[in-house]
Amino acid sequence: MIITIKGNADQKQINNLLSWVDSMGLKTNLSVGEHSTIIGLVGDTTKVDIDLIRSLEIVEDVKRIQEPFKKANRKFHPEDTIVDVAGHKFGGGFFPVIAGPCSVESYDQVLYIAKEVKKSGATILRGGAFKPRTSPYAFQGLGEEGLDILVNVKKETGMPIVTELMSEDKIPLFKDVDIIQIGARNMQNFDLLKAVGRTDKPIVLKRGLSATMEEWLMSAEYVMSEGNSQVILCERGIRTYEHYTRNTLDLSAIPLLHEKTHLPIIVDPSHASGISRLVKPMSLAAVGSGCDGLMIEVHNDPPRALSDGAQSLRPDQFDDVMTVVKKLLPMVDKKLS
Ligand code: PEP
Ligand code: MN
């Protein structure tokens, strides 16, 4: 961290700042120039309140040169983290595809979709049992019954399951769930992040509706700081001024985050676009961006879906996407997992 001191600051005030920094266990490097004085802080500055320093009367400017995330940082962990879900690997050149309905609606529905998407090459089944809906009057999900359906379909098909957790008290119900999803709306629910950080389950952490990449990585850091390093980031579009699409898919995040973090990053083109006919082109673009997997909503009868029908693919449309994804993967040195 570098602090630039105003030209008119007196030595006593500078000394006060230096001894305060010293009391935080950090070393300082002072460089006194003709017009300004610069203090470099050396050591672990993650706990330093940058806004507090900026607010000091003698401070002209402060810059963080170290990133505030440590456990998620590629600098301290150069190799890719590979998250293994029942033999299906995320990261390190492996590319699983997660598919399934937005919401679990019935056993027959989920079983039918699971069998179809599995035939096309999806290896992990998704389906929401607890649904974070914008309106309290919209379908809220089948809850515990939905979880039982997913677990039964997992037994029938052998597909691991991923489903969203909305509150900490439901964690015991998730014992047979293979991946816990933290949805966009809960990306900064810090108590929930800490709670899943104390589980031994892989976590799919979706990007918040208007979260910066750094905020998203800090949320991953919350999970990891409690001991769980199996975090899979999921880019699902962010809110912009554009309203022709539900969200704006930020694909530039993928190569950039691969530089910043060792965690695998998947793309959800369904929530990102909100329009089923955009799911194929966005899936192909996502593969090109270098992501480590896809999550796609598939429904047996999209017009009658209880949630997100407009963005859901029919199984035959999903199969078409997978045909092209399979052709592209070798070009980006990835293989289905
Ligand atoms: C979902 O996956 O069904 C979902 C609600 O996603 P998001 O949190 O990205 O909106
Ligand atoms: Mn959905």
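**View 1. C291 sits inside the protein, and so does C234.** In this predicted model, C291 is buried, with a relative accessible area of 1%. C234 is buried as well, at a relative accessible area of 0%. If you're looking for disulfides, the structure holds 0 of them. The cysteine sulfur nearest to that of C234 belongs to C291, and it is 9.4 Å away. Looking from the other end, C291 is in no disulfide either, and its nearest cysteine sulfur is that of C234. A disulfide here would need the two sulfur atoms within 2.5 Å.

View 2. G293 is buried, with a relative accessible area of 0%. Setting aside neighbours within four places in sequence, what does G293 touch? Its contacts are F95, P96, I265, I266 and V267. For a sense of scale, pick out L26: its C-alpha atom is 41 Å from that of G293, and the two residues are 267 places apart along the chain.

View 3. Back at L294, and leaving out neighbours within four places in sequence, the contacts include F95, P96, V97 and I98. Also on the contact list of L294 are I266, V267, P269, S283, A286 and V325.

**View 4. Four side chains hold the manganese ion (ligand 2).** Which residues coordinate the metal? They are C102 (SG), H271 (NE2), E297 (OE) and D308 (OD), at 2.0 to 2.4 Å. Read along the chain, the donors follow the spacing C-x168-H-x25-E-x10-D. The pair C102 and D308 brings together distant parts of the chain, 206 residues apart. C102 is in the loop between β8 (97-100) and α3 (107-120), while D308 is in the loop between β15 (294-297) and α10 (315-328). Both C102 and D308 are buried.

**View 5. Helix α5 packs through its buried residues.** Zoom in on residues 190-197, where L192, L193, A195, V196 and G197 are buried. What do the buried residues of α5 pack against? Their partners are the strands β11 (179-182) and β12 (203-206), along with helix α6.

**View 6. T163 is a buried threonine in strand β10.** The strand covers residues 161-164, with T163 in it. Is T163 buried or exposed? T163 is buried, because its relative accessible area is 1%, and the cut-off for buried is under 20%.

**View 7. Zooming out, the protein is divided into two domains.** Domain 1 runs over 2-63 and domain 2 over 83-336. The C-alpha centres of domain 1 and domain 2 lie 44 Å apart.

Conventions
Residues are numbered from 1 along each chain as its sequence is written. Chains are lettered from A and ligands numbered from 1 in the order in which they are written. This is a predicted model: local features need pLDDT of at least 70, side-chain atom pairs count only at pLDDT 80 or more; totals for chains, interfaces and linings use all residues. Side-chain values use heavy atoms; hydrogens and water are left out. Contact means heavy atoms within 4.5 Å. Domain bounds come from an automatic or database domain assignment. Donors are N, O and S atoms within 2.8 Å of the metal (3.2 Å for Na, K and Ca); water is not among the atoms, so sites may look incomplete. Helices (H or I, at least four residues) and strands (E, at least two) are DSSP runs, numbered from the N terminus. Buried means under 20% relative accessible area, exposed over 50%, partly exposed in between (1.4 Å probe, protein chains only).
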